[in-house]
Number of protein chains: 2
Amino acid sequence: MKGRQAGWGSAVLDRFQNPTQVLATGFGSVILLGTLLLRLPIATTSGESADWVAALFTATSAVCVTGLAIVDTGGHWSAFGEGVIAGLVQVGGFGIMILATLFTMIVSNRMGLRARLMAQAQTSTLTVVDARRVVRNVIVFSLVSEAVVAVILTGRLMIGYGESFGTALYHGVFHAISAFNNAGFSLWPDSLTRFVSDPWICLTISGAVIVGGLGVPVIFELLRSWRRPSRWTVLTRVTVVVTTLLLSVGTMVFLMTEWRNPGTLGALKDSDKLLASFFTAVMPRSSGFNTIDVSQMESSSWLVTDILMFVGAGSAGTGGGIKVTTLGLLAFVIWAEIRGEPQVNIGHRRLTESAQRQAVAICMLGVALVAIATYVLLIMTPHSLDQVLFEAVSAFSTTGLSTGITPDVPPAGHLMLVVLMFIGRIGPLTLGSALALKERIRRYELPEERVIVG
Amino acid sequence: MKGRQAGWGSAVLDRFQNPTQVLATGFGSVILLGTLLLRLPIATTSGESADWVAALFTATSAVCVTGLAIVDTGGHWSAFGEGVIAGLVQVGGFGIMILATLFTMIVSNRMGLRARLMAQAQTSTLTVVDARRVVRNVIVFSLVSEAVVAVILTGRLMIGYGESFGTALYHGVFHAISAFNNAGFSLWPDSLTRFVSDPWICLTISGAVIVGGLGVPVIFELLRSWRRPSRWTVLTRVTVVVTTLLLSVGTMVFLMTEWRNPGTLGALKDSDKLLASFFTAVMPRSSGFNTIDVSQMESSSWLVTDILMFVGAGSAGTGGGIKVTTLGLLAFVIWAEIRGEPQVNIGHRRLTESAQRQAVAICMLGVALVAIATYVLLIMTPHSLDQVLFEAVSAFSTTGLSTGITPDVPPAGHLMLVVLMFIGRIGPLTLGSALALKERIRRYELPEERVIVG
Ligand SMILES: [K+]
Ligand SMILES: [K+]
């Protein structure tokens with residue numbers, strides 16, 4: 001397999017034998033650079049240097065495409081500062097998409113000769129790609145998607161809202177980058193609330209978020225063989241099914257729960273309620289824009305949002321969370337166990353024990369991390385569990401929705417959120433790929449012991 | 001193996017091929033009987049029939065040894081009613097201990113010839129037991145333990161609190177049954193708050209709760225070979241280690257978090273704070289007594305209590321939750337995955353893939369159940385997530401601690417809690433045993449596919 005990768009691509013792939021290092025140093029360096037840039041006096045509207053915590057928090061939030069903010073993005077930062085933020089989001093988005101896509105390729109390749117010989121048709125789709133092509137594909141695909149979104153947004157802002165071409169273009173490009181990369185930064189202090197009834201804006205943004213969240217390998221496979229779902233890889237199959245399920249359930253739940261809530265859907269015309277519910281169901285996974293006031297949502301809706309955020313988006317996309325694949329695999333594991341199947345099969349493929357354990361590890365460590373962060377925030381702030389759990393899940397899953405407590409958190413809490421955003425961004429991918437790439441040599445087998453659980 | 005079981009024992013063991021049915025019908029019938037008895041006019045102090053929901057809720061709570069109450073146990077029920085409750089607790093406790101112990105034996109036996117031949121010493125300890133001996137051992141052990149506890153409590157209540165012999169004996173026996181079976185019903189409306197500084201009462205109750213929660217197989221193995229931990233089975237090893245860990249961490253966390261809280265530890269002498277913290281750390285697993293006011297605890301302490309309750313006690317004991325073994329196995333699975341081990345080994349034993357999947361299934365389905373119940377309670381009641389999550393976890397894990405909202409929940413919510421207590425009681429054991437007992441025939445193997453997760 002290595003023989004196929006020429007020169008530069010091969011060197012890159014070699015480095016990936018230690019993906020944790022690549023991810024941590026890569027994202028860490030860009031965050032540092034971003035912090036320094038945002039510390040420049042020209043980055044703020046006031047012309048004074050932003051304080052360290054605000055600069056670090058904003059840079060981390062941008063590079064990790066989280067979108068949490070402790071200062072108002074449009075008000076606090078100058079056009080230069082906003083440009084830096086958009087740049088950091090784009091670099092962070094490219095970074096995560098390229099690395100995730102490469103890891104997907106490598107893991108699929110590693111599946112190796114045996115599986116390919118046994119099932120040529122199904123697996124060959126992902127094996128003839130080299131690193132350079134991946135990088136090019138990701139960048140071209142991202143830029144084209146963002147351009148399409150920017151054009152629609154710009155046009156709509158000019159026609160529907162009377163913005164000048166310059167302003168509309170600036171808003172359009174910024175929000176296109178922010179949406180496709182699942183960042184959720186908005187130049188309006190109330191996010192996209194003013195567009196709650198505007199299907200042009202809402203559906204365009206939703207589309208960008210969903211496409212960015214699915215990820216290049218899935219999108220390309222869908223483009224190639226959307227008519228023949230039976231040929232899809234397990235990755236695509238699980239991603240599409242779980243995503244559809246979460247979007248539908250989320251939309252219905254928000255519609256029912258918030259229908260009469262005067263602070264959210266209650267104020268809207270019935271015809272707009274569906275649009276707003278759909279938008280609210282798309283955003284936790286994991287873009288973080290909002291058109292209804294999150295702080296006014298029922299606390300049962302917060303709980304549902306917590307779950308949607310924690311799950312997040314697709315494995316090779318720009319979204320965060322433990323990923324829909326992880327949830328999907330766990331569901332198959334549980335289903336197989338309930339039915340007493342000796343193996344876990346998805347479609348006509350057997351799931352490796354290693355993949356099962358990875359899914360468990362990612363999910364459980366995610367839960368543990370969120371629980372610890374929630375505990376710390378409960379101690380640090382006067383807010384209730386509803387709000388701090390929401391905040392912690394939002395930071396971990398790089399979603400960036402907030403019930404409004406982010407600015408109130410003390411500096412030590414902001415630094416903890418910085419760490420949480422960072423780990424939430426690189427953690428699941430690191431675990432998923434590092435573990436999958438590690439060689440497993442079965443030296444000897446110990447006698448087994450059956451243990452009763454539960 | 002079947003050959004060893006004579007007549008009656010063999011018939012019982014045969015029934016266990018379908019443990020779900022045994023558990024559901026067994027517990028269901030006793031709950032129905034209990035409901036009818038509690039509906040009798042003589043069961044209440046007022047002499048009027050209790051309403052159906054109160055009778056059903058109390059009977060379920062007693063049989064499932066949960067201890068949640070919608071009416072004040074000491075005030076609402078007559079001596080006859082309290083006797084019925086104690087009887088239901090005892091039957092529920094016997095039931096769960098006997099069934100869990102039998103399942104443990106069967107699962108260990110199923111480990112089968114191969115493992116026994118390979119490792120005679122370690123596994124023979126649990127194979128020479130038949131069903132009758134298990135039943136006898138469990139009953140004798142329970143009654144002896146309860147007698148010891150009752151004697152200490154009775155003596156202390158007479159000497160330290162001037163109760164008459166009759167009253168002290170009544171209180172002592174009731175609370176001994178309630179403690180050993182992890183039920184947590186108390187005849188005092190504020191549970192054991194009055195004894196917060198009394199080590200005699202607190203440590204005796206704690207001891208009964210811990211011993212009952214460990215379960216007969218573990219206790220017997222500890223009695224047999226407590227000097228040689230290297231010979232312990234995986235069950236005993238994991239149970240002891242995780243229990244110790246949770247108790248220590250819980251004690252420290254409560255001590256730190258509540259130290260200055262005037263509603264809880266703040267009011268106590270420093271020397272009593274340790275005792276109260278230890279007691280508070282023991283009770284979520286899963287007895288449900290309290291000596292400090294749960295409703296006054298910090299919400300960060302509630303979160304920690306939620307986690308302790310959810311995990312619960314030992315697999316073959318009277319406690320609830322997903323069980324310490326489940327948590328322990330998951331930790332080993334994650335650790336093995338992080339280290340890139342091809343298998344999961346605990347001590348010198350390999351964990352079967354089936355056991356790994358069972359642990360995942362029990363934990364995840366538990367999380368899903370609690371999440372759904374929490375969501376429903378959020379919609380039904382005006383309470384915050386802190387409180388309804390606590391209530392849902394408490395019901396699921398048969399703990400019975402409450403922040404005080406149980407009586408406020410509307411009747412539909414009470415019925416949901418009844419279902420939750422029932423599933424929480426029989427669910428994990430059903431899953432753990434039914435899955436372990438099912439024959440797994442590997443007919444053919446599909447080609448594997450590697451999927452990236454996270
Ligand atoms: K985001
Ligand atoms: K209990």
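## A buried proline, a potassium site and paired salt bridges

Pro217(A) is found in helix α11 (residues 216-225) of chain A. Helices here are DSSP runs of H or I with at least four residues, strands are E runs of at least two, and both are numbered from the N terminus. This is a predicted model, where local features need pLDDT of at least 70 and side-chain atom pairs count only at pLDDT 80 or more, while totals for chains, interfaces and linings use all residues. Residues are numbered from 1 along each chain as its sequence is written, chains are lettered from A and ligands numbered from 1 in the order in which they are written, and side-chain values use heavy atoms, without hydrogens and water.

**Around Pro217(A)**

Is Pro217(A) buried or exposed? Its relative accessibility is 3%, so Pro217(A) counts as buried. Buried means under 20% relative accessible area, exposed means over 50%, and partly exposed lies in between (1.4 Å probe, protein chains only).

Leaving aside neighbours within four places in sequence, Pro217(A) is in contact with Thr101(A), Thr104(A), Met105(A), Leu235(A) and Ala316(A). Contact means heavy atoms within 4.5 Å. Leu235(A) is 18 residues from Pro217(A) along the chain, and their C-alpha atoms are separated by 8.8 Å.

**The potassium ion**

Which protein donors hold positions around the potassium ion (ligand 1)? They are the O atoms of Val65(A), Thr66(A), Asn182(A), Ala183(A), Ser286(A), Ser287(A), Thr398(A) and Thr399(A), at 2.5 to 2.9 Å. Donors are N, O and S atoms within 2.8 Å of the metal (3.2 Å for Na, K and Ca); water is not among the atoms, so sites may look incomplete. In sequence the donor residues are spaced V-T-x115-N-A-x102-S-S-x110-T-T. Thr66(A) sits in the loop between α3 (52-63) and α4 (73-76) of chain A, and Ser287(A) in the loop between α13 (270-282) and α14 (299-311), so the pair ties together parts 221 residues apart in sequence. Both Thr66(A) and Ser287(A) are buried.

**Helix α3 of chain B**

Helix α3 (residues 52-63) of chain B has 12 residues. From first C-alpha to last it reaches 16 Å, close to the 16 Å expected at 1.5 Å a residue. The expected span is 1.5 Å times one less than the number of residues. The helix is mostly covered, with 9 of its 12 residues buried. Phe57(B) and Val63(B) are among the buried ones. At the start of α3(B), a side-chain oxygen of Asp51(B) comes within 3.1 Å of the backbone nitrogen of Val53(B). Just after the helix, Val65(B) takes a positive phi of about 45°.

**Salt bridges**

Over all chains, the structure holds 8 salt bridges. A salt bridge is a side-chain nitrogen of Lys or Arg within 4 Å of a carboxyl oxygen of Asp or Glu. The table lists some.

| Pair | N to O distance |
|---|---|
| Lys273(A) and Asp270(A) | 3.3 Å |
| Arg357(B) and Glu337(A) | 3.1 Å |
| Arg357(A) and Glu337(B) | 3.1 Å |

Arg357(A) lies in helix α16 (residues 353-380) of chain A and Glu337(B) in helix α15 (residues 324-338) of chain B, so this pair joins two chains. Arg357(A) is buried at 4% relative accessible area, and Glu337(B) is buried at 0%.

Lys273(A) and Asp270(A) are 3 residues apart in helix α13 of chain A, a separation of about one helical turn. Lys273(A) is buried, with a relative accessible area of 5%.

How values were computed
Polar contact = N/O pair within 3.5 Å; in protein donor to acceptor, adjacent residues only side chain to side chain.
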